[in-house]
Amino acid sequence: MKKSVKWRFLLIGLALLLTLSALLPNMPFYKDLPPVIKKLSPDKGIILGLDLQGGLYLVFEVEGQKAVAQTTSRISQGIQRLSDNKNLKADVKFDGKNITVATATPEIRKAIENAYPTLSARDSGSSVVYSLSEKETKYIIDNACEQALETIRNRIDQFGVAEPVIQRQGESEIVVQLPGVKEPKRAIELIGKTAQLEFKVVDDESPTASELPATIKPFEEDELMGKMKAKIPEGDEILFERITNKETGEITKKPLLLKKDSPMAGNYISEARVQIDTRYNSPYVSLTFNAEGAKIFEEITGKYVKKRLAIILDGNVYSAPVIQEKISGGSAQISGSYSMDEAKDLAIVLRAGALPAPVNMLQNITVGPSLGTDSIAAGKLTAIAAFIAVAGFMAFYYRISGLIADLALVLNMVFLMGAMAALNATLTMPGIAGIVLAIGMAVDTNVLMFERMRDELKAGKTPRASVDSGYDKAFLTIVDSHVTTLITAAVLYQFGTGPIKGFAVTLSIGIAINLFTSLIGTKAVFDYINAEREVKKLSI
């Protein structure tokens, strides 16, 4: 018995240690801790939601069908050029959805099928009507949403909002949460602008380039620009490449001296996809240019061989590879030490310059910071008052056993906060409601066990036997009630949105922790008391 109790206390102690470690970022002394401790602990902790700190809540809809129409329009232009180049004399018309090719001879049909295998064809007299396949249409719509998501994320990053939430909702909607934003109107205007992808030559030959530091902290941009302003050659500019340390997650910025003139913009890129190099089993990004873009890109790469060409989106440098040789053929690839996710992100960024589809704002909610402060104060007061009332009742009604339950209640709260911090969960008002409900279920669990134990004592059993029998008989009832609540929380999470999901998450975590503290925590205390001495009367 003693060995079993010892291991359970060790398990509780380990859980408490991990919990306190996860909560470190939320402690006021966290900034003064040694770097080695910060490196081992989570970097964010619990994040306050919009309703607790104020901010902006936006919902955008991506017009995916317009992206499909734009793609089909480009294909129709490509078919016309194909026909003209091969002197096939085909008449190509685009009606906004389908492409009709008149006088479709077998030679024309074969040329189109070879060039555009994703098109579906159906005969209409002497003409052939082409349209995109269902699979390709779905891919274009999904791709348009991913592009818009990345573009918005990039703009918000430049705007300087800490801990923004940007995520897809459903098939075509994007939810943007900007906590603590001070200028909501400016933020909305910034997000709504079109992404601008550019290619610019890096001016490494200028003496000014050698004076630039290798990297700087993000907040040092203005200071560096002020220092270098008088030294920037006419026709040049300084832009920054964002670099994230894979091990520490630290973000730095690398200044680059670039030629202002952009010989090529992103509107010439027709596609960018992630491919796998079979020789080295590493990902790279393949680019496909339209006919005009292919010609321009060939001229640029031929002119600037052995120089660096920077890829820039919205004024941020994403990469600056060295041009090894003239690139012709309308396609190119960007290879390097990319992970699959990084290569995917780069491909998305490159595609984002291709103007995927218009984005419409569906919802705009601004939450004032004073309202969030009031909500936090009200939430704290409610939680403290509820805890004192419940703990007092348990101690009064169940005596020492009630105090043990109160201890479990405290552990329940601490573990719940620690779990949310470890998951970097966002705490909202509905989330607080979920916590309060989980506390209520924790109390209910202990009441259920204590009443069983009382019944066993009345039946004439010893205190030790009453405790064991009380836990055994209440076990299935407790598990049943918790599992049914978990199922409800799962349904809320699956079909709910924003605040409803927050409620479901905190409720689910609270219930799981409650099972641990009730069935293992309090039982370990009772077993320890019974193992240390012979208990003749149980205080309950």
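Rings of Phe, Tyr and Trp, the last taken by its six-membered ring, are said to pair if their centres lie within 6.5 Å. The structure shown above is a predicted model, and in it ring pairs join Phe393, Tyr397, Tyr398, Phe450, Tyr471 and Phe526 into a cluster. By the rule just given, the count of aromatic pairs comes to nine.

**Two aromatic pairs**

- A pair of aromatic rings is described by two quantities, the distance of the centres and the angle of the planes.
- For Phe289 and Phe297, the ring centres are 4.5 Å apart and the planes stand at 35°, so this pair is tilted, given that planes under 30 degrees apart would count as stacked and planes over 60 as edge-to-face.
- Phe289 has a relative accessibility of 6% and therefore counts as buried, and Phe297, with a relative accessibility of 6%, is likewise buried, the cut-off for that word being under 20%.
- Phe393 and Tyr397 form a stacked pair, with 5.4 Å from centre to centre and 10° between the planes.
- Both Phe393 and Tyr397 belong to helix 12, which covers residues 369-422, and they are four residues apart in that helix, or about one turn.
- Phe393 is partly exposed, since its relative accessible area is 45%, and Tyr397, at 38%, is partly exposed as well.

**Charged residues over rings**

- Tyr397, a member of the ring cluster, also has Arg454 lying over its face, at 4.8 Å from the ring centre.
- Tyr471, another member of that cluster, has Lys523 over its face, in this case at 5.7 Å from the ring centre.

**The largest nonpolar core**

- The largest nonpolar core holds 37 residues, and those that touch the most other members are Met420, Leu427, Phe450, Met453 and Phe526.
- Two or more residues of this core come from each of helix 1 (2-22), helix 12, helix 13 (429-458), helix 14 and helix 15 (498-532).
- Helix 12 gives the most to the core, contributing ten residues.

- Val483, Ile487, Val491 and Phe495 make a nonpolar surface patch of about 410 Å².

Key. Residues numbered from 1 in each chain as written. Predicted model: local features only at pLDDT ≥ 70, side-chain atom pairs only at ≥ 80, totals over all residues. Heavy atoms only, no water. Buried < 20%, exposed > 50% of the residue type's maximum accessible area, 1.4 Å probe, protein only. Lys NZ or Arg CZ within 6 Å of the ring centre and 35° of its normal. Patch = residues over 30% accessible without salt bridge, like charges linked within 9 Å, V, L, I, M, F, W, Y side chains within 5 Å. Areas by Shrake-Rupley, 256 points an atom, 1.4 Å probe, with all protein chains shown as cover. Salt bridge = Lys/Arg side-chain N within 4 Å of Asp/Glu carboxyl O. Core = buried A, V, L, I, M, F, W, Y, C linked by side-chain atoms within 4.5 Å.
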